[in-house]
Amino acid sequence: MGDYKKYLLQIPIFSELTEEGLSEISELVLVRKYKKRQIMFVEGEPGEAIHFVINGKVKLSKSTADGRELILGIRQSGDTFAEVVLFDGGTYPATAEAIEDSEAGLIRNKDIDQLVRNNSSIAIALIKTMSRRLRLFQQQMRDLALKDTLGSMVSTLQRLAKEHGIDTPEGLLIDLSLTHQELANFIGTSRESVNRLLSDLKKSNVISVDKGKIMIIDMKKLKEWA
């Protein structure tokens with residue numbers, strides 16, 4: 001345990017706490033380091049804690065009925081995940097994996113429960129966070145059900161750009177190093193289909209790809225492909 005107030009202040013659900021509240025919750029934080037590709041917890045394991053990313057990036061995914069991976073999202077510094085286990089006491093709803101060397105904090109449910117009861121701002125912020133994540137998940141499922149592979153790809157690139165985009169003189173850089181298989185796992189398709197779609201988008205000067213990172217050169221054109 002230690003003084004992690006500077007990290008907690010970067011997390012929206014804790015940002016409105018008083019100095020006393022931050023000090024109290026700081027004493028509850030456990031920090032763990034993970035190597036790239038190291039599993040943090042597995043879908044279906046007992047949900048024991050709420051987690052947040054201090055640095056690095058964490059992939060959240062579920063297994064489909066036929067054993068394929070479906071990526072739900074990528075969490076980065078300041079993001080929380082596994083919030084739902086605080087409320088329902090159930091199992092982890094997804095698998096968490098570090099996609100680069102990462103450091104994450106966790107607060108066990110039994111430690112934070114009373115603090116949440118005494119601080120309505122934390123409870124409200126948690127509910128807002130989970131509601132936003134639910135909307136994004138519903139959008140992802142709607143894309144998979146109603147759109148063709150190209151439409152799902154465009155929606156996924158737009159969503160990743162919104163969450164991880166960095167403005168550069170050349171365009172909007174999605175600051176994630178994703179393999180073609182990982183991108184395929186976002187939209188429920190094959191790596192070969194992703195290869196073909198990315199090639200078409202590059203030929204049309206809509207995107208560029210360098211070292212696994214996608215640059216959206218023309219967002220207007222990208223939307224027209226949907």
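UniProt positions are given here in the numbering of this model, and annotations may be inferred rather than shown by experiment. The model is predicted.

**View 1. The annotated domain, residues 13-133.** An unreviewed UniProt entry gives these residues the annotation "domain: Cyclic nucleotide-binding".

**View 2. The largest pocket and the residues nearest its centre.** Rolling a probe the size of a water molecule over the atoms shows where empty space is left. The largest pocket holds about 560 Å³ of space. Its lining consists of 25 residues, and those nearest the centre are L60, L72, R75, R133 and F137.

**View 3. The lining of the largest pocket, by element and residue type.** Two or more lining residues come from each of β5 (69-76), α3 (84-88), α5 (120-146) and α6 (149-164). Helix α5 gives the largest share, 6 residues. By type, 15 of the lining residues are nonpolar, 4 are polar and 6 are charged. Domain 1 (4-137) and domain 2 (147-225) each supply at least three residues to the lining of the largest pocket.

**View 4. H51 and its contact with Y92.** H51 is part of strand β3, which covers residues 49-55. Is H51 buried or exposed? The relative accessible area of H51 is 4%, and buried means under 20%, so H51 is buried. The side chains of H51 and Y92 make a polar contact at 3.2 Å.

Notes: Residues are numbered from 1 along each chain as its sequence is written. This is a predicted model: local features need pLDDT of at least 70, side-chain atom pairs count only at pLDDT 80 or more; totals for chains, interfaces and linings use all residues. Side-chain values use heavy atoms; hydrogens and water are left out. On a 1 Å grid over the protein atoms alone, a cavity is a set of points where a 1.4 Å probe fits but cannot get out, and a pocket is an open set with protein on both sides within 12 Å along at least five of seven lines; lining residues have an atom within 4 Å of a point. Grid points are joined across faces, edges and corners, and a volume is the space filled by probe spheres set on the points. Helices (H or I, at least four residues) and strands (E, at least two) are DSSP runs, numbered from the N terminus. Ala, Val, Leu, Ile, Met, Phe, Trp, Tyr, Cys and Pro count as nonpolar, Asp, Glu, Lys and Arg as charged, and the others, Gly among them, as polar. Domain bounds come from an automatic or database domain assignment. Buried means under 20% relative accessible area, exposed over 50%, partly exposed in between (1.4 Å probe, protein chains only). A polar contact is a pair of N or O atoms within 3.5 Å; within protein, one must be able to donate a hydrogen and the other to accept it, and residues adjacent in sequence count only if both atoms are side-chain atoms.
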